[in-house]
Amino acid sequence: MRRKIVAGNWKMNTLLQDGMELARAVEQNTRESNGEALVIIAPPFTHLSRIGDLIGEVKLAAQNCSSEASGAFTGEVSPAMLVSAGVEYVIIGHSERRTYYAEDNQLLNKKVKLALEAGLKPIYCCGEVLEEREAGKLFEVVEKQVTTGLEGLSAADMKKVVIAYEPVWAIGTGKVATPEQAQEMHQFIRQLLVGLFGDGVADDTSLLYGGSCKPSNAAELFANPDVDGGLIGGASLKAGDFAAIVNAF
Ligand code: PEP
């Protein structure tokens with residue numbers, strides 16, 4: 001049975017001390033609420049190993065990783081380095097990486113494979129921009145992102161993959177997808193997984209919604225049968241809001 005997951009993407013926010021305080025608060029809230037969701041936080045690279053020591057049952061994610069295993073790639077961080085720092089999950093293909101750093105589906109496929117080889121669990125992001133939705137191309141775009149990004153993975157690999165559907169027009173904009181729009185795309189992705197990997201994998205893969213998710217809308221989004229939780233940006237920087245989302249199932 002697939003897990004309910006709430007993951008916080010801190011992006012390029014918090015200095016180390018603030019990040020450690022936030023992580024302590026997330027750990028405390030998670031322990032006290034004892035909810036059913038798996039809670040993941042993705043702080044900046046510089047905070048990972050310090051925060052890893054503070055978070056108990058909360059899991060640690062990186063926001064990105066290199067597509068290369070090691071060597072002369074100045075400024076890059078390899079999946080194996082992340083594992084050695086205590087990281088368990090890695091966000092791959094966030095729309096900000098796709099847009100600002102020109103990461104395409106082929107490169108992201110390389111990252112997903114390398115992350116899996118190193119023992120990381122990828123949180124693979126997909127989602128259309130507004131023009132694509134308005135042109136009726138949303139399913140085509142997401143299908144390409146999912147099929148290319150996850151190409152060559154086995155059913156066993158897929159047990160470790162989480163998918164986040166994040167309509168780009170909803171990320172950081174305050175515009176949230178309606179529960180119907182989220183469910184429609186999540187159902188589409190699950191059907192896609194049936195075709196690519198079979199019923200069992202499709203059933204067991206956690207599909208997260210991301211895009212302006214907050215305490216006031218999380219419950220109605222998470223109530224959908226194919227929405228298994230959320231990838232949370234802005235609201236993950238406030239421990240109280242994040243806890244309310246974690247407890248919105
Ligand atoms: C994100 O960046 O993954 C995200 C969903 O951001 P926000 O919640 O701020 O829209």
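What follows is a walk from the core out to a few helices and loops.

First, some housekeeping: this is a predicted model, where local features need pLDDT of at least 70, side-chain atom pairs count only at pLDDT 80 or more, and totals for chains, interfaces and linings use all residues. Residues are numbered from 1 along each chain as its sequence is written, and side-chain values use heavy atoms, with hydrogens and water left out.

Let's start inside. A nonpolar core here is a set of buried Ala, Val, Leu, Ile, Met, Phe, Trp, Tyr and Cys residues joined through side-chain atoms within 4.5 Å. Buried means under 20% relative accessible area, exposed means over 50%, and partly exposed is in between (1.4 Å probe, protein chains only). The largest nonpolar core has 61 residues, and the ones touching the most other members are Ile 41, Leu 150, Ile 189, Leu 193, Tyr 209 and Phe 222. Helix 9 (residues 179-197) gives this core its largest share, 6 residues. Helices (H or I, at least four residues) and strands (E, at least two) are DSSP runs, numbered from the N terminus. Apart from this core lies another one, of 14 residues, including Ala 7, Ala 42, Ile 91 and Cys 125.

Zoom in on Phe 222. Not counting residues up to four places away in sequence, its contacts (heavy atoms within 4.5 Å) include Val 6, Cys 213, Ile 245 and Phe 249.

Now find Asp 228, in the loop between helix 11 (215-222) and strand 8 (229-232). Is Asp 228 buried or exposed? Its relative accessibility is 3%, so Asp 228 counts as buried. The side chain of Asp 228 makes a polar contact with the side chain of Arg 190, at 2.8 Å. A polar contact is a pair of N or O atoms within 3.5 Å; within protein, one must be able to donate a hydrogen and the other to accept it, and residues adjacent in sequence count only if both atoms are side-chain atoms.

Asn 105 sits in helix 5 (residues 105-118), and its side chain makes a polar contact with that of Arg 98 (2.7 Å). Asn 105 also takes part in a helix pairing: along with Gln 106, Asn 109 and Val 112 of helix 5, it meets Lys 144, Gln 145, Thr 148 and Gly 149 of helix 7. Helix 5 and helix 7 (residues 138-149) pack at about 40 degrees, with axes 8 Å apart. Axes are lines fitted to C-alpha atoms, for helices over the stretch in contact, and angles run from 0 to 180 degrees between N-to-C directions. Helix 5 and helix 7 are therefore oblique to each other; angles under 35 degrees count as roughly parallel, over 145 as roughly antiparallel, 65 to 115 as roughly perpendicular and the rest as oblique.

Finish with some loops. Thr 14 lies between strand 1 (5-9) and helix 1, and is partly exposed at 25% relative accessible area. Most residues other than glycine have a negative phi. Thr 14, however, has a positive phi, near 80 degrees, and Ser 212 has a positive phi too, near 55 degrees. Ser 212 sits in the loop between strand 7 (207-210) and helix 11. Finally, Gly 198 and Thr 14 are 184 residues apart in sequence and 41 Å apart in space, C-alpha to C-alpha.
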